[in-house]
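Keep the sequence and the coordinates open while reading.

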Amino acid sequence: MDHTDHRKYHGIHPADGKLGVMIAGMGAVATTFVAGVEAIRRGLAQPIGSLTQLGTIRLGKRTDARCPKIRDFLPLADLNDLVFTGWDIFTDDMYAAASKAGVLERELIDRIQPFLESIKPLPAVFNRNYVRKLDGPNVKEGKNRMHLAEQLRADIREFKRSSGARRFVMIWCGSTEIFLQPREVHQSLKAFVSALESNDENISPSMIYAYAALSEGVPFANGAPNLTVDIPAMHELSRLNEAPICGKDFKTGQTLVKTILAPGFKARMLGLHGWYSTNILGNRDGEVLDDPESFKTKEVSKLGVLEHILQPQVYPELYGKIFHKVGINYYPPRGDNKEGWDNIDIFGWLGYPMQIKIDFLCRDSILAAPIVLDLVLFLDLAQRCDELRRLGIQEWLSFYFKSPMTVPGLYPEHDLFIQSMKLKNTLRHVKGEEQITHLGLEYYD
Ligand SMILES: NC(=O)c1ccc[n+]([C@@H]2O[C@H](COP(=O)([O-])OP(=O)(O)OC[C@H]3O[C@@H](n4cnc5c(N)ncnc54)[C@H](O)[C@@H]3O)[C@@H](O)[C@H]2O)c1
């Protein structure tokens, strides 16, 4: 960290030099993100959907007319300073992987072909027991899980040396693993380390990446619903090494819509009988989720949101008997262009029922890529911020997740608008600006 420029220092170190982005899992989301960043850097496209690039933040009173762009308010890394590496079980470079993912038009990826071809995946830490529908040749071998973690740490150190970057972030864009529950080995760093050595099957590949990253002081974001960093052992390691963490599961299509609508129903005291959600999806993610064990992990992540937003225990007459169902069906012809249907049975005054139907023709990775960008930039901000760096879990980044991580015992906030306020108030707080409460009585004094 550069401590020399005291004029700029407000508890947040400046974003000097390059930022190294390490991506575990270089499939549809990862390639859409990296290709998108390069296209934006070359002026070929706009960063639509990215709060860090387009968002503004109001400061002070409404009459003050202070509303800078977030990226002008805080020292975020510049897109031109991002450099990339990653791991995958397939040997395809990012050009080949982006072509196969079929999210972006060929004309666009062809214009940045040499850049994408220059990013080749390192051999992955992978085990079919955790992602049953996949298998690939680009995989590390090791006598136990600790040995595999050491190989990942060596990759990280090599990237630190070769990339010319001074700060780093790792993000999991790999497949959804089977459903795992927290066990004894996850409860402390000591237990976790000995479980790595004894090759305990409660430790999945994504946990090995997270352990390697945090051990090297690299912040880690989890884009999948896997347990990964959401265990006490990782919270401990994150705080110990002051490497921030956040997760789980990017909040993109159907769940994004759900966490926009449900707070509205509750705010207006409209009741809910049931919410039936189903999807058809034809990309590799859809194929992996066709396995019931991987789907279970996703299902738990998707189902949690309504309960927390609607609070049935507080409003039994409105939300005491909700039937909530989520399904994902693998349907190859659709590729990455998912179709998500929602049937929502609400009720109003005197209990009269109404229905809302949503048919969202959505592009999964197009919605996920700006989230990856924002998480990378905000985690990098957190590691440069004296106050945030020490916290471990970055709850203020809940905005981006279906299943936000919190300190054990604290329920997560799922309401997108509360999450947005939490994020922006955190940004104001770290810059010493006043919180915005939306009270506003002072304008009428
Ligand atoms: N696209 C979205 O809207 C969205 C939203 C929320 C979460 N997610 C999650 O993000 C992840 C990525 O989604 P995607 O559409 O890019 O999927 P994808 O299948 O296109 O890409 C995942 C990649 O991870 C690789 N991989 C799997 N296990 C690995 C390991 N142990 N090490 C290294 N690489 C590994 C696979 O080979 C594949 O290339 C999935 O877990 C998905 O559930 C996506």
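Which helices and strands each supply at least two residues of the shell around the ligand? In this predicted model, they are helix H1 (28-41), strand S2 (82-88), helix H12 (284-288) and helix H15 (364-384). H15 contributes four residues, the largest share of the shell. There are 36 residues around the ligand, and those that come nearest are Gly-25, Gly-27, Ala-224, Thr-252 and Arg-284. By residue class, the shell around the ligand holds 21 nonpolar, 10 polar and five charged residues.

The ligand can also be placed relative to the domains. The assignment for the protein chain gives domain 1, made of 18-250 + 366-430, and domain 2, which covers 254-363. Each of these domains provides at least three residues of the shell around the ligand. Taken over C-alpha atoms, the centres of domain 1 and domain 2 are 26 Å apart. Their contact takes 28 residues from domain 1 and 28 residues from domain 2. On the side of domain 1 that touches domain 2, two or more residues come from H15 and from helix H17 (416-430). That side of domain 1 divides into 14 nonpolar, seven polar and seven charged residues.

The strands come next. Strand S7 (residues 271-281) pairs with two partners described here. With strand S9 (residues 337-347), S7 pairs in the antiparallel sense over nine bridges; Leu-272 stands opposite Ile-346 in S9. With strand S8 (residues 323-330), S7 pairs in the parallel sense over eight bridges. Ile-328 in S8 is the bridge partner of Asn-279. As background, side chains in a regular strand alternate between the two faces of the sheet.

The last stop is helix H8 (residues 189-197), where Phe-192, Ala-195 and Leu-196 are buried. These residues lie on the same side of H8 because they cover an arc of only 105° around the axis. After H8 comes Asn-199, which has a positive phi near 60°.

Methods: Residues are numbered from 1 along each chain as its sequence is written. This is a predicted model: local features need pLDDT of at least 70, side-chain atom pairs count only at pLDDT 80 or more; totals for chains, interfaces and linings use all residues. A residue is near a molecule or strand if its C-beta atom, placed from the backbone, lies within 6 Å of it. Ala, Val, Leu, Ile, Met, Phe, Trp, Tyr, Cys and Pro count as nonpolar, Asp, Glu, Lys and Arg as charged, and the others, Gly among them, as polar. Domain bounds come from an automatic or database domain assignment. Two strands pair if DSSP finds at least two bridges between them. Two residues are in contact if their C-beta atoms, placed from the backbone, lie within 7 Å. A residue is buried if 20 or more other C-beta atoms lie within 10 Å of its own, exposed if 12 or fewer, and partly exposed in between; C-beta atoms are placed from the backbone. The arc is that of the directions from the helix axis to the C-beta atoms.
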